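Trainee: I am new to this structure and would like to take a close look at a single part of it. Could you walk me through that part with care?

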Amino acid sequence: NAGDTISKCDVIVVGAGFGGMYAVYKFREMGKSVIGVEGGGDVGGVWYWNRYPGARCDLMSVDYSYGFSPEIEQEWTWSEQFAAQPEILAYANFVADRLKLRDHYRFNTRVVSAEWNEKTSKWRATTDAGDVIEAPYCIMSTGPLSIPKDPDIPGIDAFKGELLRAQIWPHEPVSFEGKRVGVIGTGSTGIQIIQEVGRQAGELYVFQRTPSFTLPMRNRALEPEYVVEMKRHYRSLREAMRNNPTGGTRPVSSRPFFSLPPDQRKEAMEQAWINGGHTFLGSFGDLMINEEANEQVAEFVRSKIGDVVEDPATAEALKPRGYPIFARRPCLDTGYYETYNLPNVHLVDCLNGEEIIEITEKGVRTSAGEYELDMLIFATGYDALTGALMAIDVTGRDGVKIKDKWASGSRTHLGLMTEGFPNMFMTCGPNGPAALANIITISEHDVDWIADLMSHMEANGYSAAEPTLAAEDGWMDLVAALASRSLVRKAKTWWVGANVKGKPQGLTMYTGGFANYRAECAKEAIDYAGFRFDMEQVAEPA
Ligand code: NA7
């Protein structure tokens, strides 16, 4: 029963992904007692759950790793330019072992509610195990992509074959051999699954609604000499990451697309194609704000699809139209388009041809008929950015619920805190740069920023901190002003809430880039002018 076990500590950390793990470490190093709560059976966050074949990070491993520990940087060696899920999960485990983080965590446990107590200036979190944890500080490291979303298609429960979800993939090996497999979802996840399962399955049917633009990943094993160099230069690499709009090491250009003559533009695009995916965004500075420049790159990529895919109708159906390239998360692939040249791989175009009607006992029924399947895989994304926090019954000052405060969209100051919810912090929160920049760089920044605020509070005898409404309004105005220039708002994606029925729509992420975000947060930390603080109460009531 709730209340049977009350644990008291200084900091509650919700989540054991990269954000939560660093939070546990940092606050423990500050001498605080920390209790972590994690729904998964171990550390790793999204990498604990996403075990589907081909799961891989689309950021380079040198970027997608912690920068706070020079020892860990030297002790850990990445094997590939873009690490696969097992290696990333092994890294998370390595860090957890090395820093003894597991002792702090309660695994297989979810926080179901969190309530602020005005009198004691403490958060009281209740878990699904019935435990109660009380602490002055609560850190929500719940992740932008952690609540899986099924497709809104009737009949999901009717299917009698194997139903698998990419976001909660089984731990035991899955065989596709000789099976008729269907995949719904062609975002980053679906693309990784399709290119892998297409080579293994008996028949693969891809039910595609919106085609994604995907660019060559150009992954490679990291040669020992490269690793030595990388390890030697980690400090300067981390410094470069902190000053980069994406929070990564790849240089970003400010060169406008049309500043080059046509032949040089073509040459730059060919070079970006050869170098691989994200170098496109590093080649030109205006692709996310100049529609014409964006369309030229989009058309270049469409022509590449046409070059690879042999069947003209399939090639045409795979070419994304009607939204700017990079306005959906650009996917990076290894032979995705080539997969459609395999005789056992079939594209079902659910945008311009057939429509999915329902899932049946035997498979998927479209307007053209029924596809009989042995296995159906959902790669249909997440209730992103706000979903995980909204899944917790969070009550702030004066009994206000987060789900009411955010009913028409998330509102925060700096993506880190929300007015009316004192001492509750988010890492990689909504209205920050999370989905558009390196999440590990952001997580480390956010935790360090929170730690500085806590130190400021303690030095001044403050028991509670929260942003003022004016500061929050100011931040949301800035976010909106930046968003109004960005082409990201022009596609229907999880970035704008379009993938979840009834969710508030709109681009409310900070699109000014990580480096500017860091500067905004640093500016606030000079005097915390956007905050109100409460003084320590004399004694806690018995
Ligand atoms: P995404 O990018 O949200 O993709 C989900 C996919 O699922 C997308 O292609 C959707 O098509 C498709 N979908 C969802 N519902 C349906 C129905 N009902 N019918 C057909 N197709 C459907 O999720 P991912 O997991 O791929 O990627 C999330 C992030 O993880 C990614 O951006 C990287 O940052 C890592 P739609 O576009 O809605 O037409």
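Trainee: By class, how many nonpolar, polar and charged residues does the shell around the ligand have?

Mentor: Please keep in mind that this is a predicted model. By class, the shell around the ligand is made up of 9 nonpolar, 10 polar and 3 charged residues. Of the 22 residues around the ligand, those that come nearest are Pro151, Gly185, Gly187, Arg329 and Gly381, and the element that gives the most to this shell is helix 5, residues 188-197, with 3 residues.

From the ligand we can turn to other parts of the chain. Strand 1 runs parallel to strand 7 (residues 132-135), to which 3 bridges join it, and Ile6 has Val132 in strand 7 as its bridge partner.

Among the helices, helix 1 (residues 18-29) packs with helix 15 (residues 439-460) at an angle of about 35°, their axes being 9 Å apart, and the crossing is right-handed. On the side of helix 1 the contact includes Phe18, Tyr22 and Phe27, while helix 15 brings residues including Ile439, Glu444 and Val447. The residues of this contact divide into 8 nonpolar, 2 polar and 2 charged.

Technical notes
Residues numbered from 1 in each chain as written. Predicted model: local features only at pLDDT ≥ 70, side-chain atom pairs only at ≥ 80, totals over all residues. Axes fitted to C-alpha atoms, helices over the stretch in contact; angles between N-to-C directions. Helix = DSSP H or I, 4+ residues; strand = E, 2+ residues; numbered from the N terminus. Left-handed = near helix turned anticlockwise from the far one by under 90°. Contact = placed C-beta atoms within 7 Å. Nonpolar A, V, L, I, M, F, W, Y, C, P; charged D, E, K, R; others polar. Near = placed C-beta within 6 Å. Pairing = 2+ DSSP bridges.
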